[in-house]
Amino acid sequence: MESAGGMEPAEAAMAPASKNAKEVSRSRGRRRWRKGKAKASKLIYNMDLHTMTQSLVTLAEDNIAFFSSQGPGETAQRLSGVFAGVREQALGLEPALGRLLGVAHLFDLDPETPANGYRSLVHTARCCVAHLLHKSRYVASNRRSIFFRTNHNLAELEAYLAALTQLRALVYYAQRLLVTNQPGVLFFEGDEGLTADFLREYVTLHKGCFYGRCLGFQFTPAIRPFLQTISIGLVSFGEHYKRNETGLSESQPGVAASSLFTSGRFAIDPELRGAEFERIIQNLDVHFWKAFWNITEMEVLSSLANMTSATVRVSRLLSLPPEAFEMPLTADPTLTVTISPPLAHTGPGPVLVRLISYDLREGQDSEELSSLVKSNGQRSLELWPRPQQAPRSQSLIVHFHGGGFVAQTSKSHEPYLKSWAQELGAPIISIDYSLAPEAPFPRALEECFFAYCWAIKHCALLGSTGERICLAGDSAGGNLCFTVALRAAAYGVRVPDGIMAAYPATMLQPAASPSRLLSLMDPLLPLSVLSKCVSAYAGAKTEDHSNSDQKALGMIGLVRRDTALLLRDFRLGASSWLNSFLELSGRKSQKMSEPIAEPMRRSVSEAALAQPQGPLGTDSLKNLTLRDLSQRGNSETLSDTPEMSLSAETLSSSTPSDVNFLLPPEDAEEEAEAKNKLSPMDRGLGVNAAFPEGFHPRRSSQGATQMPLYSSPVVKNPFMSPLLAPDSMLKSLPPVHIVACALDPMLDDSVMFARRLRNLGQPVTLRVVEDLPHGFLTLAALCRETRQAAELCVERIRLVLTPPAAPAPAPAPPLV
C-alpha cells in the first residue's frame, strides 16, 4: 500500500531523515566555507602590499586564461574582461600606494599615533585589493563546480573593480595634494580658485559604486548590516521626498503600497540603491538631511533606544531664561563680567538643556530647578521610594551634541549619555542649541556659551560642586567644545578643566585634504552633504523648499518642531549682522543648477550589462588596521584685552598668515627629500593635472551637483574653524583629549588640530579607533567595536574629572 504522497511507508519514514542529512551537510559546507574564508583572511592580513598585488595579478591571469578558453559566450567574455581590468588597476595602483606610504609617517602626530588621511586612503585601497584577492581565489577554486554562481560572482567582481578604479583616482588626487601643499600640511592652503577647481573635478567622480553591493566594505563587518539598513531607509525616504516635490499628495491612494514596494526594490537591487543614493547626496538640499537625521527624534525610535540604555533617576528638560547674569573673572574674582543671553539673528530667547543624572543628588529636586523644567518637554524624575539623596558630585559634564549643526537634539544622544552618567558618577547637562539654517553662526555658539556659564554659576542646582568641569561633544559638538572654551578664555571667565572631543570638525571650509577624499565613499558623511551643512551654518542663502519639505516630513510623522522650523523663511529671519557681513565680504550668491534625475535601471542584470565597469560586490573580509600599515613601510596675536561685543568677535577672522601649520624644520627637510623621490610624472602633477595616460575613472551620471564650492570669509573665523585660530588663542585651551576615527573624512581635522596644540606645548592626546565610521557614539550599543570606542571616550572624560595628584612631599634631610 502506498502512502498519500505516493511513496512506500519505509520511504516516507526515511524522507525526513534524508532531508535532515542534507541540511546537516549544507550546514557543514557553510562552516567549512567560513573557516576557509577566515584562514584566507588571516593569510591576506599578514601580506604586504607588494605580495598582495602580485598574488592578485597571478590569480587574475589564471582566471583570464581559463575563461578565455571557454568559448565566445558573453558571460565568459565578461569574466575574462573583469579579471583583465583587475590586473590593470592593481598594477597601476601599487606604485602610487607605495609612494604615499613612503611619506605618510611625516604627517602623524607622533610615532605612537600612526594616523592621517594618507594612511587611511592606503588602508581603504588595501581592503579593496584584499576583497578582490579573496574573491579571485574563490573563483579559481570553484569555477568548475556545478554550484558556481556565475552571475552572482560576476556582479561582485565588477563591483569591486569599479570601486578599485575610483580608489585609484583618489590616490592620484592625494598625490596632487602631497606635491602642492606646504610641508607637513594636510589641508590644501593654496589659491582658493585652485581649491574650487580641485573640488569641482573631484565631485564629478562616480560614487554610486560605493553605495551598492560593497557599501561600507572598509568598516568592521558588524557595522555593515546597520549601514545597509540606513541606506535602504535613506533612499526610500528620498523617494517619498522626490514624489512630494512633484506634487504627490499624502492622501492619494496607493502611497502606502508604493512605500513598501520602494523599500523592497532598494533592498533587493543594490545597483538601484547605489544610483539613488548618489542622486540624493548630490542633489537634495540641507532640509532633506535635517528631516532624515531627525528621524531618531521620533517617539517610537527614541523609546526603543532608551529601553536598551541605562536607567537614570533624573532626566529633565530645562529652559534657561534669557536673563543676563554676572560671572567672576578668573584673574581677579572681585571683578565680574556680564554674560548676556543669546542675541544673534532671532534676538533673546531661552536655551533648552537636558539634565541627566544616574543618582538623585542634592539640589536636583529643588523648587528652583523645578521651576525651570520645560512644561511640554520630557520630564523623567523617579518618584518611587528611594534612599536618601546622594551628595553633590565634585564633577560636572557639559555636553554638546553632533548633527552637522543642522539636526538632532540631546534626545538623539540620550542613550549613551545615560551610560556616561552611570559610569562616571557625575551629572551631565546637554545643550539643545538652535540649529541651522534657521539659526546660523554664531547663534549656536552664543547659546552653548550662555548655558556653560549658567551651569558653572548654578552647579549646585545640577547636583555638583563644580570642582571639575569637562566639556564633551561629538562632531559638530566637538567643534563647539573648542569654541566655547576659546570664548570663555576671551571673556576671562573660568575655562573648563579639560575637553573630550570625539571626531570633531575643526576646519569648516571646503578645503581639500587626503582624509576628506574618503567622503567619496562614506555613506554617513558625503562631501556634498558636509558642504551643505557648513554652508547652512555659515549663513549662506539656500533655496526655499519649505512646501515640499513639509509634505515629506508629514508623510513619515517627523517631530512637530522640525516641521515648524521648515515652514519658516530663512531669508526673512536673517539678522542685520549677517546682511552687513555679506555686504562687507562682497560675495555674490552662487546660483545652483537644477538637479537632473537619472532614470531608474530596471534590474541587476541590465545594470551589469549597461555599465562598462559594472555593479559592486561585497565580502565580509576583516579589514586590515592602520597600525599594520605603519609597520610597512610664530603667529600674529589678538589684542590682550578681549572684545566683548558680538561684532568684534564674529567678524574677526584669521588669515593663513595668522596660522602656523608648518612642521619643525627637520621634518620639513625630510618631507622635501621624500618628495624628491617621487617620479618626474608625480612631481609634475598639479591640482589641475590630468590622470596618467590610459587611466580614466568613472564619472557621475547624476547631473550637476548642488554643492556650494565658494569659501565664505566667515568660515575662517577662529570661533567657527578653531584650527585657524592664532597661537595666542589656542594657548588658552585646557588639556584636550581627541578620539578620532581612522576612516572618517574629518580625521585630518583632528590630526592637524592635535599637532598645532602639540607644537605650542599644550597638553593634548589623540586616540584613533579603526574600522569604525563617523558617529560611532550614537552606535555604541551596536557591536563590540563601538562599545570599546565609547569606553575610550569615557576614559578620556575620566582623566579630566580626576583631580591631579598632589606632588609628593620632599624627603626629609638625613639626620647627621
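Entry one, a network. I began with R468, R494 and D497, which are linked in a network of salt bridges. I note here that the model is a predicted one.

Entry two, a pair within a helix. I looked up R279 and E276, whose side chains meet in a salt bridge with N and O at 2.8 Å. Why are R279 and E276 separated by about one helical turn? The reason is that they stand three residues apart in helix α9, which covers residues 270-283.

I next turned to E362, which forms a salt bridge with R392, and here the closest N and O atoms are 3.3 Å apart. E362 lies in the loop between β4 (351-357) and α12 (367-370), while R392 lies in the loop between β5 (379-381) and β6 (393-400), so the pair ties together parts that are 30 residues apart in sequence. E362 counts as partly exposed because its relative accessibility is 32%, and R392 counts as partly exposed at 31%.

I then looked at E785, which forms a salt bridge with R784, the closest N and O atoms being 3.3 Å apart. Are these two partners buried or exposed? With a relative accessibility of 18%, E785 counts as buried, whereas R784, with a relative accessible area of 49%, is partly exposed.

I found that the structure holds 22 aromatic pairs. One of them joins Y160 and F217, whose ring centres are 6.4 Å apart and whose planes stand at 90°, so this pair is edge-to-face. It links distant parts of the chain, since Y160 sits in helix α5 (residues 150-180) and F217 in the loop between α6 (192-202) and α7 (224-245), 57 residues apart. Y160 is buried, with a relative accessible area of 0%, and F217 counts as buried at 1% relative accessibility.

Y173 counts as buried at 0% relative accessibility, and F691 is buried with a relative accessible area of 13%. Both belong to one aromatic cluster formed by Y172, Y173, Y202, F691 and F695. Over the face of F691 lies R176, at 4.7 Å from the ring centre, and R143 lies over the face of F66, at 4.4 Å from the ring centre.

Technical notes: Residues numbered from 1 in each chain as written. Predicted model: local features only at pLDDT ≥ 70, side-chain atom pairs only at ≥ 80, totals over all residues. Heavy atoms only, no water. Salt bridge = Lys/Arg side-chain N within 4 Å of Asp/Glu carboxyl O. Helix = DSSP H or I, 4+ residues; strand = E, 2+ residues; numbered from the N terminus. Buried < 20%, exposed > 50% of the residue type's maximum accessible area, 1.4 Å probe, protein only. Phe/Tyr/Trp six-rings, centres within 6.5 Å; stacked < 30°, edge-to-face > 60°. Lys NZ or Arg CZ within 6 Å of the ring centre and 35° of its normal.
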